[in-house]
Amino acid sequence: MTLPDVTFADFHPILPALILMLGGAVLLFAEVFLTPSAHHGPAHVSRAHQPIIALVFTAAAALVSGWLMFQPARAVFLGFAVLDPFSAFLSLTVCVGLGLSVLIAAGFLRHRKAERGEFYALMLFGAAGMSLLGVSNELVVLFINIEVLSVSTYALAAYLRRGPRPAEAAFKYFILGAFSSAVLLYGISLLYGATGTTQLSAMAPQMSAALAKTQGLVYLGLGLLLGGLAFKVAAVPFHMWTPDVYEGAPTPVTALMSAGVKAAAFAALVRVFLALGHNLDSHLLATLFAFLALATMVIGNLLAIPQRNVKRMLAYSSIAHAGYVLLGVASLFVSGGAPTGGVLGATPLATGGLTAALRQDAVRGILFYLLAYTVSAVGAFGVVSALERREEEDRGTAWDLDRFAGLVHRRPWWAVAMTAFMLSLGGIPPLVGFMGKLLIFKSAVDAGLVWLAVVGILASAAGAYYYLRVVVYMFMRPAPETGVLPERHGWTEAALLLSTAAVVVLGIAPGLISSWLSQAGKLFGQ
Amino acid sequence: MKRILMVLFWMVLVIPGAFFGISAAAYWVAYFFEGLFRGGAGVGNILVLVLAAVMIVATLLTLAERKWSAAMQDRVGPNRAHIEAGPTFIQKMRLGGLLHIPADVLKMLWKEDFMPAGARSNRFLFNLAPMLAFAPVFVLFCVVPAGPMITLGEQARKIALIVSNPDFGLLYVFAIASLAVYGTSLAGWSSNNKFALLGGVRASSQMISYEVALGLGLVGMMMTFSTVRLFDMTEAQTQYLWKFTDGDFGLPAWGIFLQPVGFLLFFAAAFAETKRAPFDVPEGESEIIGYFVEYSGMRFGLFMISEFVEVVVLAAICTAIFFGGWHLPFGEKALYAELFTQGKVFYGHQWIWGAFLGSIFWLKVLALCWVQLLIRWTFPRFRYDQIQTLGWKMLLPAGLVNVFVTGALVLWDPSLRWLAVLGIAVLVAIVALATLGTGGEEAAHAHDGHGGHGADAHGHDAHASVPAHVSGAIAPSTH
Amino acid sequence: MNPDPLAPYLPMAVLLLLGGVLAVVISFLASFLGPKKPTLQKATTFEAGSESSGHARQRFAVKFYVVALLFIVFDVEAVFLYPWAVKFRDLGWFGYGEMAVFAATLVVGLAYVWKKGALDWET
């Protein structure tokens with residue numbers, strides 16, 4: 001009997017995830033063994049060790065991801081997973097988002113007296129799923145990892161389960177998430193039926209034959225697959241759950257969802273469709289993604305404008321940002337074969353569509369955008385979590401714009417940080433959000449999606465309105481007389497400091513990570 | 001003296017004789033059906049093995065249970081049923097209570113079969129539940145081998161006493177056995193009765209808890225024999241671990257020597273699946289009556305008979321896996337050579353050999369059924385938390401440890417001898433601890449002092465809850 | 001031993017069918033044979049002689065759900081053990097180690113659940 005040829009080198013790409021899972025297990029054990037009498041009332045034992053453990057493991061995972069980025073790309077585990085700089089960069093982004101969310105959660109949970117070890121453990125397990133999603137090169141593995149990250153986030157969304165809003169959020173997320181998983185799985189099964197394999201590398205060469213024989217099956221399968229993933233990235237028209245879930249979930253969880261889940265789902269989207277899109281009518285894919293991007297950018301921004309609830313506004317803004325990333329994805333698929341002037345004025349400047357180098361640029365743009373969005377959005381959610389108060393949550397006023405009024409007089413540094421995040425999200429130079437948008441729009445223009453890029457710029461101009469409104473409230477409105485001074489949390493402030501630094505430094509000098517970024521454009525098999 | 005002679009007469013002649021006859025009949029019916037169409041042997045086995053042997057043993061068990069409990073409690077037991085017609089000797093005939101069985105059946109069939117108002121909203125589920133409780137248990141015997149493969153008749157057909165011998169043998173048992181939980185939980189829920197609901201959730205929770213241990217207990221045996229077919233497992237137990245003489249005599253590789261822990265796990269878990277005392281909280285006659293409280297007539301009868309069928313099937317599976325199936329412990333080859341080879345008395349009459357071994361199988365099954373009756377009437381009911389503690393905190397970890405210890409020993413020594421050494425050591429330790437443990441308890445009660453006694457993985461919890469006078473009944477020799 | 005791979009299925013199917021038919025027949029036999037004298041009293045819910053109050057469609061303890069969840073985890077583990085158990089002589093120490101790692105992750109879960117008190121029915 002021959003055993004499959006698996007060596008320890010095969011474990012390299014999943015090392016970050018393994019470290020995160022080990023951290024989760026350690027946290028679970030710390031919860032039950034270090035804190036005595038777990039079920040004797042609400043024991044107020046110090047649980048400061050828990051965020052520290054979580055951070056240590058997150059940092060370790062981030063370091064390993066950084067090391068992996070310079071490993072040569074290869075397939076591992078018989079082709080079920082891949083090791084490539086793209087996934088390593090994704091792991092790094094996830095770790096950044098996770099680390100910042102843990103810091104925010106530490107302050108948040110202390111304030112809420114809701115410190116329990118499962119919170120961080122679930123965060124780590126979820127992040128492990130996200131990291132693994134990046135390396136999956138087989139559709140069933142991909143599905144399992146989507147479930148790993150989803151189940152963790154379902155539980156996290158319901159973590160503070162008192163009150164109607166968290167319950168509503170968790171239930172909506174769970175029901176719709178389960179539905180979208182089913183859709184995804186159905187798509188996978190159709191593709192399996194059409195091609196006889198679930199491995200992406202083996203499926204790609206089968207595509208043309210499958211298209212000739214069972215065209216409907218392939219297109220339906222891909223469509224369902226796209227639907228399932230679009231749900232996770234919150235693209236219009238699969239965005240309905242986003243505002244309620246983001247609003248109802250505990251704020252640190254919202255931060256993790258907006259950063260990590262989205263980034264991981266985008267990585268899966270890019271990997272799957274780049275692998276399978278070769279032999280498809282690329283015109284079709286480009287059209288599809290262009291329409292998704294258009295709808296998501298426009299509708300996300302328009303819906304965000306009337307929101308007075310900052311958390312809800314950030315939720316809509318996260319939809320809009322998914323739209324910008326989708327713009328980058330769409331530009332990956334524009335090829336010279338497309339009839340000129342076909343889709344939204346897709347007229348390639350360079351004939352023959354994107355060259356390989358430009359395509360790498362587009363991938364790079366997507367990754368950088370995801371990182372930029374992660375540091376900005378998590379920071380913004382950090383400020384929101386620092387300002388909110390439990391008592392007002394049920395009335396829905398915990399995140400009202402009024403809570404930001406005159407913040408500069410009460411907590412000046414928070415106001416400065418929030419300003420940085422808002423401007424970065426709005427895409428205003430010299431912050432990191434601007435650099436991200438620049439890269440995305442550049443690759444869109446390179447690909448010939450000029451009109452779409454213009455729409456994107458207009459949409460982000462509209463976005464600037466609601467981001468700046470927060471800044472206006474913080475700096476130009478008087479603080480309410482009766483307002484209680486928001487408490488300070490050391491952990492949260494550390495998160496704010498770090499993300500502000502990232503937003504500013506990466507915006508001014510993106511060259512700092514350019515060596516990583518130039519690596520990260522390399523996808524396995526591309 | 002007369003009584004002893006009677007017992008000897010029954011034990012040595014009547015019961016083995018009956019099983020010999022049943023096995024022989026099974027072989028010839030299978031032979032006949034195989035002649036009708038291919039695969040007919042299995043269908044023939046259904047008729048004799050499942051419909052006759054299992055059902056008859058199960059039916060007799062209903063009486064044996066009452067008789068045995070009476071014997072343990074120094075009563076006479078049921079003996080009043082008789083026929084009210086005909087000549088005087090028929091009216092006086094009691095047959096040791098055997099007439100209670102037809103009386104019970106007739107009673108159940110002619111009772112009013114009604115449905116409480118609360119259950120009418122779920123008429124379908126209410127009707128379905130007893131069927132779901134009975135049907136899976138009834139078909140469980142499908143993969144259990146009850147006799148060797150022999151060559152029979154003029155056509156020289158190869159016939160074995162097994163309904164069907166698929167590649168997935170044991171998995172069939174697990175799959176079908178786990179279906180029974182639907183019957184109980186549906187019965188509990190659809191009755192729309194609080195007692196029944198309580199019984200139903202207790203039953204389903206208990207059954208799924210022990211299903212884990214049930215599955216883990218047999219993994220060790222799958223590893224030792226590298227198969228999940230019960231037939232192959234039985235055949236694998238003919239080899240000797242050690243031969244004591246040059247002849248056909250030695251220690252057979254029976255599962256009980258190789259996997260005593262696995263046996264205890266499986267037996268305890270399967271016992272819990274039957275929901276009989278001490279695991280009878282789902283029914284608990286004296287407190288919540290159970291998930292079948294709203295059922296009357298034959299529907300209730302289905303729940304009851306499925307319990308007894310389960311006892312028989314459990315005994316049969318244990319026999320096939322852990323006690324060598326139809327094989328004699330030793331001397332089997334010698335005996336065959338002595339009687340059935342060319343020129344010997346029974347040469348050419350292989351069916352005698354098959355029926356002889358078949359009756360050995362059924363005797364072992366009977367012995368294990370008796371052990372189950374013994375346990376059922378010895379131990380008091382566990383508390384529900386004790387049941388869950390036993391299942392999750394003892395059987396599950398013990399099962400995992402057993403799997404990996406077995407794995408290491410089998411890989412280290414594929415001849416299984418070291419596994420057997422450990423197994424026998426564990427067996428001795430369990431017997432010793434059980435005996436000493438009971439004695440220790442007696443001493444503790446007598447001196448009111450040191451209560452700690454050796455903790456063996458299986459029996460500890462049971463002993464802890466046994467009052468002194470009852471544990472005296474377990475081991476009277478320690479007085 | 002089975003030259004025909006489909007051979008075992010015919011008797012099995014016959015037995016399954018027979019089991020189903022028998023269950024249906026037996027459970028409806030009594031309704032044909034028995035008397036029918038329904039009364040209001042008989043139709044009430046049985047609660048040991050006392051008047052029943054409310055109905056049985058009520059919530060029950062969450063522990064039963066926890067047990068159900070644990071069952072899924074560990075029964076699936078057992079299911080994964082079966083194919084390995086049959087083939088583990090061929091897989092050797094490598095397969096043994098792999099399975100040990102797999103089981104260890106679940107043991108971690110068991111230890112957590114145990115220590116967390118999910119297996120204690122008294123509290």
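Modeller: Residues are numbered from 1 along each chain as its sequence is written, while chains are lettered from A, and ligands numbered from 1, in the order in which they are written. This is a predicted model, in which local features need pLDDT of at least 70 and side-chain atom pairs count only at pLDDT 80 or more, whereas totals for chains, interfaces and linings use all residues.

Chain B is divided into domain 1 (2–66 + 111–412) and domain 2 (413–479), with bounds that come from an automatic or database domain assignment. Taken over C-alpha atoms, the centres of these two domains of chain B are 26 Å apart. Their contact (C-beta atoms, placed from the backbone, within 7 Å) takes 23 residues from domain 1 of chain B and 22 residues from domain 2 of chain B. On the domain 1 side, helix 10 (255–258), helix 11 (260–273) and helix 15 (384–412) of chain B each supply at least two residues. Here a helix is a DSSP run of H or I with at least four residues, a strand is a run of E with at least two, and both are numbered from the N terminus. Helix 15 of chain B gives the largest share of that side, eight residues. By class, this side of domain 1 has 18 nonpolar, five polar and no charged residues. Ala, Val, Leu, Ile, Met, Phe, Trp, Tyr, Cys and Pro count as nonpolar, Asp, Glu, Lys and Arg as charged, and the others, Gly among them, as polar.

Between helix 15 and helix 16 of chain B there is a loop that holds Leu416(B). Leu416(B) is not a glycine, yet has a positive phi of about 70°. With 20 C-beta neighbours inside 10 Å, Leu416(B) counts as buried; the term requires 20 or more other C-beta atoms within 10 Å, exposed means 12 or fewer, and partly exposed lies in between, with C-beta atoms placed from the backbone. Ile430(B) belongs to helix 16 (residues 417–447) of chain B. Its count of other C-beta atoms within 10 Å is 18, so Ile430(B) is partly exposed. Between the C-alpha atoms of Ile430(B) and Val261(B) there are 9.5 Å, although the two are 169 residues apart along the chain.

Now for the other chains. No contact joins chain A and chain B, and their closest C-alpha atoms lie 15 Å apart. Of the two pairs of chains in contact, chains B and C share the most contacts. Chain B puts 67 residues into that contact and chain C 58 residues. The side of chain B that touches chain C draws at least two residues from each of several helices of chain B, including helix 2 (40–72), helix 5 (123–139), helix 8 (194–225) and helix 15. Helix 8 of chain B contributes the largest share, 14 residues. This side of chain B divides into 40 nonpolar, 18 polar and nine charged residues.

Helix 8 of chain B has 32 residues and spans 47 Å from its first C-alpha to its last, close to the 46 Å expected at 1.5 Å a residue; that expectation is 1.5 Å times one less than the number of residues. Because 32 of its 32 residues are buried, helix 8 of chain B is largely enclosed by the rest of the structure. Ser226(B), with a positive phi near 55°, follows helix 8 of chain B.

After helix 3 of chain C comes Gly117(C), with a positive phi near 95°.
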